[in-house]
Amino acid sequence: MNRLIVVVLFLISIKALAAMEAPEMTGKNGYVEPFKMFDNLYYVGDQWVSSYVVQTSSGLVLIDTLDFPYSKWIPANLKKLGLEQEPVSHILVTHGHSDHVGGAEYLQSMYGSEVILTEKGLELAIEQANKSRGNSQFLPPDVQSFAKDSSHIVVGDIEFKFYITPGHTEGDLSIDFMVKENGQSFRAFVVGGHGVNFEQPQLAKMFLASMARIKKLVTESPTVTVNLSNHPHKNHLFANRDRNTKASSPNAFVDEASIFQFIEQQEKQAMERMENDPAQYDLNPIH
Ligand SMILES: [Zn+2]
């Protein structure tokens, strides 16, 4: 009897340990080797979802946290980059979908970071966390202060400006900051969410208004030349990484046209979808 209990306990502990382990870091699982993009910017995301680390003079700022449990790759990636000794002071989350917020609480618990997202972003994060199950189960982060529209924070030598740009979700947070290379600075911009969420057609008009606003914002001097999408296929991230390893200069992540092409593509896709179903999207000008 005692022996049976021991065996059962052993099996339970093996299962618990397996659940705690990070998914295997293989291309098949979506793993990507982390890489440096600028002197103060690194990619620690996977094949489908972006996660960036900004190195400031007073610690690291993480932008987005991947789907749990893939978020567990982020500490391993920081180690591979030699950044594991630096504190992760802030975690910025672009919106409340699980692929961006899934690891926020896990990483916050590990590093004691301050998590910043919008109020609507946290509401959605709580909904998504409540729906999460099994190995992907996650908790919402503890948020002390919400990102406000047209606000900013300063972390060490870097200022992060925030804009609430709803449309993909109600709480999309766009982030604006400077990246550096060899003494030169470039303005980078993360659009908080792309793609109209067709399950919520009322967001479509907000989406177009946000895209129009972003277009103006990124045109202000100095014009944005670093398009940091929160999904790598939207800014040709891996193709640019490969271009950078082949040629020494210029940095392929600096591209004057990229953010404008991205916004125009988003506007076009949204308009086409809406025009195909005008009633659904309330395009009748009488209303
Ligand atoms: Zn999303």
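## A charge over a ring, and the aromatic cluster

The charged end of Arg241 sits over the ring of Phe35, 5.6 Å from its centre, where such a placement requires NZ of Lys or CZ of Arg to be within 6 Å of the ring centre and within 35 degrees of the ring normal. This is a predicted model, in which local features need pLDDT of at least 70 and side-chain atom pairs count only at pLDDT 80 or more, whereas totals for chains, interfaces and linings use all residues. Residues are numbered from 1 along each chain as its sequence is written, and side-chain values use heavy atoms, with hydrogens and water left out.

Phe35 also belongs to one aromatic cluster, together with Phe38, Tyr43, Tyr52, Phe186, Phe238 and Phe253.

## Aromatic pairs

The structure holds 11 aromatic pairs, a pair being two rings of Phe, Tyr or Trp (its six-membered ring) with centres within 6.5 Å, called stacked if the planes are under 30 degrees apart, edge-to-face if over 60 and tilted otherwise. Among them is the tilted pair of Phe38 and Phe253, with 6.4 Å centre to centre and 50 degrees between the planes. This pair links distant parts of the chain, 215 residues apart, with Phe38 in strand β1 (residues 35-38) and Phe253 in the loop between α7 (237-246) and α8 (258-276); helices (H or I, at least four residues) and strands (E, at least two) are DSSP runs numbered from the N terminus. Both Phe38 and Phe253 are buried, on a scale where buried means under 20% relative accessible area, exposed over 50% and partly exposed in between (1.4 Å probe, protein chains only).

Tyr163 and Phe189 form a stacked pair, at 6.3 Å centre to centre and 20 degrees between the planes. Because Tyr163 lies in strand β8 (residues 158-164) and Phe189 in strand β10 (residues 184-190), the pair ties together parts that are 26 residues apart in sequence. Both Tyr163 and Phe189 are buried.

## The zinc site

The zinc ion is coordinated at 2.1 to 2.2 Å by His95 (NE2), His97 (ND1) and His168 (NE2), donors being N, O and S atoms within 2.8 Å of the metal (3.2 Å for Na, K and Ca); water is not among the atoms, so sites may look incomplete. The donor residues are spaced H-x1-H-x70-H in sequence.

His95 is buried at 2% relative accessible area, and His97 is buried at 18%. His97 lies in the loop between β5 (88-92) and α3 (98-101), and its side chain makes a polar contact with the side chain of His95 (3.3 Å); such a contact is a pair of N or O atoms within 3.5 Å, and within protein one must be able to donate a hydrogen and the other to accept it, while residues adjacent in sequence count only if both atoms are side-chain atoms.

## Salt bridges

A search of the whole structure finds 10 salt bridges, each defined by a side-chain nitrogen of Lys or Arg within 4 Å of a carboxyl oxygen of Asp or Glu. Arg213 forms one with Asp149, the closest N and O atoms being 3.1 Å apart. Arg213 is in helix α6 (residues 204-219) and Asp149 in the loop between α5 (119-131) and β7 (151-155), 64 residues apart; Arg213 is partly exposed at 28% relative accessibility, as is Asp149 at 37%.

Arg187 and Asp176 meet in a salt bridge of 2.8 Å, N to O. Arg187 is buried at 6% relative accessible area, and Asp176 is buried at 4%. Lys120, Glu123 and Glu170 are linked in a network of salt bridges.
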